[in-house]
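This briefing is meant for a reader who is meeting the structure for the first time. Please look over the sequence and the model before going on to the points below.

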Amino acid sequence: MIIFGTRGYLYQLAILTMVCGWCGNPAAHTLRKRVTKFTLFFVPLFPFSTKYATQCTFCGGERQIPKEQAEQLLAQHNAGQDGHPHGAAQQQPGYAPPGQNPYQS
């Protein structure tokens, strides 16, 4: 007897801020990769399907995107993190370098 089938894996690649195509709100979107693998005796052997999608965290709307667009979004996300390690903190009101009080005149 041979036991075979498929198994799905879901990877979260990044969290991006974009305007949602479903609800129109600027919100966080998760960039996800869904891989379906062929299994033999419950051991995953090789992937036969890979799909990419973004999902809005505000309304839950999901949109499938091509691999090239997913790689481009991931590269932009990684470039933003590498280029400005404290970029998000500098945009927050009241942020100051360590040792300085932002509320002091």
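This is a predicted model: local features need pLDDT of at least 70, side-chain atom pairs count only at pLDDT 80 or more; totals for chains, interfaces and linings use all residues.

Two residues are in contact here when heavy atoms of theirs lie within 4.5 Å.

**Y52 and its surroundings**

- Y52 lies in strand β3, which spans residues 43-56, and with a relative accessible area of 10% this residue is buried, because buried means under 20%.
- When residues up to four places away in sequence are not counted, Y52 touches L13, R32, K33, R63, Q64, I65, K67 and A70.
- One of these contacts, K33, is 19 residues from Y52 in sequence, yet the two C-alpha atoms are 4.6 Å apart in space.

**The largest nonpolar core**

- Y52 also belongs to the largest nonpolar core, which has 8 residues and includes A14, L16, M18 and L31 as well as I65, A70 and L73.
- Two or more residues of this core are given by each of β1 (4-19) and α1 (67-83), and the largest share, 3 residues, comes from β1.
- In soluble globular proteins, nonpolar side chains tend to be buried together.

**Aromatic rings**

- The count of aromatic pairs comes to 2, and F38 and F46 form a stacked pair, with 5.4 Å from centre to centre and 25 degrees between the planes.
- That pair counts as stacked because its angle of 25 degrees falls under the cut-off of 30 degrees.
- Ring pairs link F4, F38 and F46 into a cluster; within it, F38 is partly exposed at 24% relative accessibility, and F46 is likewise partly exposed, at 43%.
- Elsewhere among the rings, the charged end of K37 sits over the ring of Y9, at 5.1 Å from the ring centre.

**Cysteines**

- The structure holds 0 disulfides, and for C23 the closest cysteine sulfur, that of C20, is 3.7 Å away, which is too far for a bond because a disulfide needs sulfur atoms within 2.5 Å.
- C56 is in no disulfide either, the nearest cysteine sulfur being that of C20 at 3.8 Å.
- As for their accessibility, C23 is partly exposed at 30%, whereas C56 is buried, with a relative accessible area of 2%.

Definitions and conventions. Residues are numbered from 1 along each chain as its sequence is written. Side-chain values use heavy atoms; hydrogens and water are left out. Helices (H or I, at least four residues) and strands (E, at least two) are DSSP runs, numbered from the N terminus. Buried means under 20% relative accessible area, exposed over 50%, partly exposed in between (1.4 Å probe, protein chains only). Rings of Phe, Tyr and Trp (its six-membered ring) pair if their centres lie within 6.5 Å; planes under 30 degrees apart count as stacked, over 60 as edge-to-face and the rest as tilted. A charge sits over a ring if NZ of Lys or CZ of Arg is within 6 Å of the ring centre and within 35 degrees of the ring normal. A nonpolar core is a set of buried Ala, Val, Leu, Ile, Met, Phe, Trp, Tyr and Cys residues joined through side-chain atoms within 4.5 Å.
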